[in-house]
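Here is a short tour to read with the model open beside you. Keep the viewer handy and follow along topic by topic.

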Amino acid sequence: MTSYILRRLLYFIPTLLAISLVTFFIIQLPPGDFLTSFEARALASGDQADLERVEQLRERYGLDQPWYVQYWKWFTGILVGDFGYSFQWKQPVADLLGQRMLLTFLLALATTVFVWAVAIPMGIYAAMRKNTVGDYAVSFTGFIGLATPDFLLALVLMWVAFFYFDMSVGGLFSPEFEGAPWSMAKVWDLLGHLWIPVVVIGTNGTAGLIRILRANLLDELHKPYVETARAKGLTEWHLTAKHPVRVALNPFISGIGDTLPGLISGATITSIVLSLPTAGPLLLQSLLSQDMYLAGSYIFLLSILSVLGVLISDILLAWLDPRIRYQ
Amino acid sequence: MNDLLLEVENLQTHFFLDDGLVKAVDGVHLHIRRGRTLAVVGESGCGKSIMARSLLQIVTPPGKIVGGAIRYHRGPGDVVNLLDYDRKGPEMRAFRGREAAMIFQEPMASLSPVYTIGNQIVESFRLHFKVSKAEARTVAIEMLRKVGIPRPEARFDAYPHQLSGGMRQRAMIAMALICQPNLLIADEPTTALDVTTQAQILELLQKLQAELEMAVVMITHDLGVVAEMADDVAVMYLGQVVEQGSVDDIFYNPQHPYTRGLLASIPRLEGATRARLAAIPGTVPHPYARPGGCPFHTRCRERIINRLDMCKTEAPPLVQVGAEHHARCWLHHNQGVELSSEAVQLASLPLTTTGGH
């Protein structure tokens, strides 16, 4: 097991190298760059400080040299924690991403927990009560969840929260906590705001997972080993939870790999509607304004998450299913 | 009788399917005795497996036990009807696994692939006895040793796919017997195994039965297994027991035309080398199109020879034909029909050696 994980971690290195190379290549493909237009504006206004700044950056990141030299400077920088410089925000990318990644990750984690906590019991219930009113109710709710666009749900929930609960909506914090240092009150305020994006982002995934779990479980429920467990005298819930559900969860686990990056990049529209200080909107802006180091670093981080996600799901699968472990 | 363990009376298990009603078990009477082996034989689809599952009430919807009684004799004067219990209720769950256990046909499919053998054995034991994990482990390892699994301490932590078919079935047996039940129901336990392993498993079952003094219900379609294992035999056809008696009664003095047909269809070593095997004419009727009257009348040679018309309309009762020997056939019912002695002889002549009754 340990050697398996180590081997998988080693495969990481070439994979990530290739991804970063391709990412960087694509990002700098469009003609022109942020710095050129920035320099033009600085020249026009005669701002000496800005012009010096441009010169420094050009020097530091090799911007007047071929793209592979730029790539090399950027990539070696990453290894020592320098992700480059955001021209638009006039800040190091590391600082910019740092603030947002924490909240993004928190949101992603909360959403995953929400999705699993809702989808697993509902999926099990629907399968065990197949073709009953309860099953139809769950399935109906699931289809509604699948069919509702995220941004619409976001708008509706914001309206409900504002109109009926008199909450400040939008963002992850109330205005008074916006720039405040972390405290218990701020965490509490965050939790009060977090539920709207969690529900909005999670609904779609929840609905999908309910369908998957119901279908998987229906395949397992009538396997002979379930009958064996029943013949031992276990209660229906106990035997279902221990035996068929455990096997039916396999596709969930292999889905974790997609969930990690998906939750971060997939929630962009919702984040914009809800004006969340997460990473999704930042990526969109950076791509629009050719803020190359920000965009590049962002995509690079997403790739790491994808690869990491796949690794985590592989390890979990091997841990859960001995048939995989011994192959 | 005081050695009676389970008394099945007019058991009916029906399946309510979209296309119609299937009477998988339709009025079964059985007596299961302590320390003895009852073999239930019949063709595929005759309801023997559903009957076995009905004893534990583990038939799941759309199947449902709709009538009859299963009386369990716990001790002298202590008799309960298991069908009075809710199939999911605590009394029934306390019976399952503890008083009566079951082993199944496919040992690979019947063991969960993602838990160790030990985990699955201990699961049953810890459910019925309040013991610590360590104690349960000791008992389980002892049980694995008893069923002939080498190096049981290591096998305890093995997964089903790491064992051979025979070892898996041994593990299944260990799992079923860990609570020392009074009744073991074995649903074709050797069908999925190769012949040498079959013999070992049957031998093991006999040994353990003697040791634990339990009753065994052996579901099988293999008359060789019946001859090897059984004390008593029940022959099933389309959801009914058509004949029940001791193994000698059934093999040497069969009374129901279906039993005679089954016995005649066994290939024999001493027979003429070029002789055709005797087969029961026709096929088992489709479950949606059960014949009225006696369910076997469409394939019964003796009805045709005797020109019995009532078999088509009237269901025959269970008739006592010997001390502990019953057959569900009009041929043996005195009031039902008057047969010419010639006809009875004619009917039994080509099929049996010992004659009618």
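A residue counts as buried if 20 or more other C-beta atoms lie within 10 Å of its own, exposed if 12 or fewer, and partly exposed in between, with C-beta atoms placed from the backbone. A nonpolar core is a set of buried Ala, Val, Leu, Ile, Met, Phe, Trp, Tyr and Cys residues joined through C-beta atoms within 7 Å. This is a predicted model, in which local features need pLDDT of at least 70 and side-chain atom pairs count only at pLDDT 80 or more, while totals for chains, interfaces and linings use all residues. Residues are numbered from 1 along each chain as its sequence is written, and chains are lettered from A and ligands numbered from 1 in the order in which they are written.

**The core**

- The largest nonpolar core has 100 residues, and Ala174(B), Leu183(B), Val217(B) and Val235(B) have the most contacts inside it.
- Helix α7 (residues 165-177) of chain B gives this core its largest share, eight residues; helices (H or I, at least four residues) and strands (E, at least two) are DSSP runs, numbered from the N terminus.
- Beyond its neighbours within four places in sequence, Leu183(B) is in contact with residues including Leu5(B), Ile32(B), Met214(B) and Val217(B); contact requires C-beta atoms, placed from the backbone, to lie within 7 Å.

**The eight-stranded sheet of chain B**

- An open sheet of eight strands runs in the order β6-β7-β8-β3-β9-β10-β12-β11 (chain B) with mixed pairing; two strands pair if DSSP finds at least two bridges between them.
- β6 and β11 (318-322) of chain B are the edge strands, each pairing on one side only.
- From one strand to the next, the twist averages 20 degrees; axes are lines fitted to C-alpha atoms, for helices over the stretch in contact, and angles run from 0 to 180 degrees between N-to-C directions.
- Strand β3 (residues 37-41) of chain B runs parallel to β8 (residues 215-220) of chain B, with five bridges, and Val40(B) stands opposite Ile219(B).

**Strand β9 of chain B**

- In β9 (residues 232-237) of chain B, six of six residues are buried.
- In a regular strand, side chains alternate between the two faces of the sheet.
- Asp232(B), Ala234(B) and Met236(B) are buried on one side of β9(B), and Val233(B), Val235(B) and Tyr237(B) are buried on the other.
- Four bridges link β9(B) to β3(B) in parallel, with Val41(B) partnering Val235(B).
- Six bridges link β9(B) to β10 (residues 240-246) of chain B in the antiparallel sense, with Val233(B) partnering Gly245(B).
- The hairpin of β9(B) and β10(B) has two residues between the strands, and Leu238(B) takes a positive phi near 45 degrees there.
- Helix α11 (residues 257-264) of chain B lies across β9 and β10 of chain B, at about 100 degrees to β9(B).

**The four-stranded sheet of chain B**

- The order of this open, antiparallel sheet is β2-β1-β4-β5 (chain B).
- β2 (20-33) and β5 (78-81) of chain B each have a single partner strand, so one side of each has no neighbour in the sheet.
- Strand β1 (residues 4-17) of chain B joins β2(B) through eleven antiparallel bridges, and Thr13(B) has Val25(B) as its bridge partner.

**Where the chains meet**

- Chain B contributes 24 residues to the contact and chain A contributes 19.
- On the chain B side, α4(B) supplies the largest share, four residues.

Note on methods
Contact = placed C-beta atoms within 7 Å.
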